[in-house]
Amino acid sequence: IITMKDIVREGAQILRKVTDEVVIPPSEEDKETLLCMLQYLKNSQTPELAAKYKLRSGVGLSANQIGLDKRMFAAYIVDDKGEHEYTLFNPKIISHSLTMIYLQQGEGCLSVDRAVPGYVPRYERIKVKAYDITGDEVVLKLSGYPAIVFQHEIDHLNGIMFYDHINPNNPLQLPENVDIKS
Ligand SMILES: O=C(O)C[C@@H](Cc1ccccc1)[C@H](O)SCc1ccccc1
Ligand code: NI
């Protein structure tokens with residue numbers, strides 16, 4: 001299983017690389033790895049397992065965060081509508097809203113062992129084209145928190161860290177078109 005020792009921390013070059021597209025249809029190995037990444041997220045959100053394996057809780061994980069130069073990520077979000085799991089290859093944001101949102105509490109990262117305060121402006125709505133675990137093309141429309149998670153993960157695949165979006169002079173400053181989203 002994936003544990004924290006498998007997670008690459010900031011400073012590693014792979015976190016600053018634009019990762020390579022995965023060949024579609026995906027190999028058995030790539031599918032296996034992506035499912036392991038999803039399992040990490042589920043384990044990290046299961047108190048007994050998180051405690052047993054000392055896992056930091058995560059709702060998203062990109063392949064380069066476990067040292068793989070592959071354009072794929074997993075996300076596992078539980079909200080009032082239930083569990084939403086995503087295992088996607090070669091994701092691409094094909095359109096987005098003008099309005100932006102941000103998390104009141106800012107963002108964190110499994111690859112960043114420190115708190116970096118500040119608002120991270122994200123598109124409120126995104127349309128994403130990707131390939132699912134079977135290699136079929138999917139188009140997903142996301143808004144709110146899931147959209148934030150996807151943007152955080154797709155940033156990873158493009159070598160971007162969440163703090164790259166924080167205004168260095170005033171971390172709590174926002175572009176004027178940003179709506180409040182806590
Ligand atoms: O490092 C990662 O990519 C996982 C990130 C994903 C993320 C961070 C901020 C905003 C959206 C997504 C974090 O580990 S997720 C941390 C977390 C865990 C449970 C609930 C909320 C956030
Ligand atoms: Ni991250």
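**View 1. Lysine 54 in its loop.** Lysine 54 sits in the loop between helix H2 (47-53) and strand E1 (60-62). Helices (H or I, at least four residues) and strands (E, at least two) are DSSP runs, numbered from the N terminus. The phi angle of lysine 54 is near 55°, a positive value in a residue other than glycine. Lysine 54 is exposed, with a relative accessible area of 66%; buried means under 20%, exposed over 50% and partly exposed in between (1.4 Å probe, protein chains only).

A word on what you are looking at: this is a predicted model, in which local features need pLDDT of at least 70 and side-chain atom pairs count only at pLDDT 80 or more, while totals for chains, interfaces and linings use all residues. Residues are numbered from 1 along each chain as its sequence is written, chains are lettered from A and ligands numbered from 1 in the order in which they are written, and side-chain values use heavy atoms, with hydrogens and water left out.

**View 2. Asparagine 90, with a positive phi in a strand.** Asparagine 90 is found in strand E3, and its phi is near 45°, a positive value in a residue other than glycine. At 6% relative accessibility, asparagine 90 counts as buried.

View 3. Which residues hold the protein donors of the nickel ion (ligand 2)? They are Cys109 (SG), His152 (NE2) and His156 (NE2), lying 2.1 to 2.3 Å from the ion. Along the chain, the donors follow the spacing C-x42-H-x3-H. Cysteine 109, in the loop between strand E4 (100-101) and strand E5 (122-123), and histidine 152, in helix H3 (residues 145-157), are 43 residues apart, so this pair links distant parts of the chain. Cysteine 109 is buried at 4% relative accessibility, and histidine 152 is buried at 10%. Donors here are N, O and S atoms within 2.8 Å of the metal (3.2 Å for Na, K and Ca); water is not among the atoms, so sites may look incomplete.

**View 4. The largest pocket.** About 330 Å³ of space lies in this pocket, a volume being the space filled by probe spheres set on grid points joined across faces, edges and corners. It is lined by 19 residues, of which Val59, Gly108, Cys109, Tyr145 and His152 lie nearest its centre. The largest share of the lining, six residues, comes from H3. On a 1 Å grid over the protein atoms alone, a pocket is an open set of points where a 1.4 Å probe fits, with protein on both sides within 12 Å along at least five of seven lines; lining residues have an atom within 4 Å of a point.

**View 5. An aromatic cluster around phenylalanine 150.** Phe73, Tyr86 and Phe150 form one aromatic cluster. The rings of phenylalanine 73 and phenylalanine 150 have centres 5.1 Å apart and planes at 85°, so they meet edge-to-face. Phenylalanine 73 belongs to strand E2 (residues 72-79) and phenylalanine 150 to helix H3, so the pair ties together parts 77 residues apart in sequence. Tyrosine 86 and phenylalanine 150 are also edge-to-face, with ring centres 4.9 Å apart and planes at 90°. Rings of Phe, Tyr and Trp (its six-membered ring) pair if their centres lie within 6.5 Å; planes under 30 degrees apart count as stacked, over 60 as edge-to-face and the rest as tilted. Phenylalanine 73 and phenylalanine 150 are both buried.
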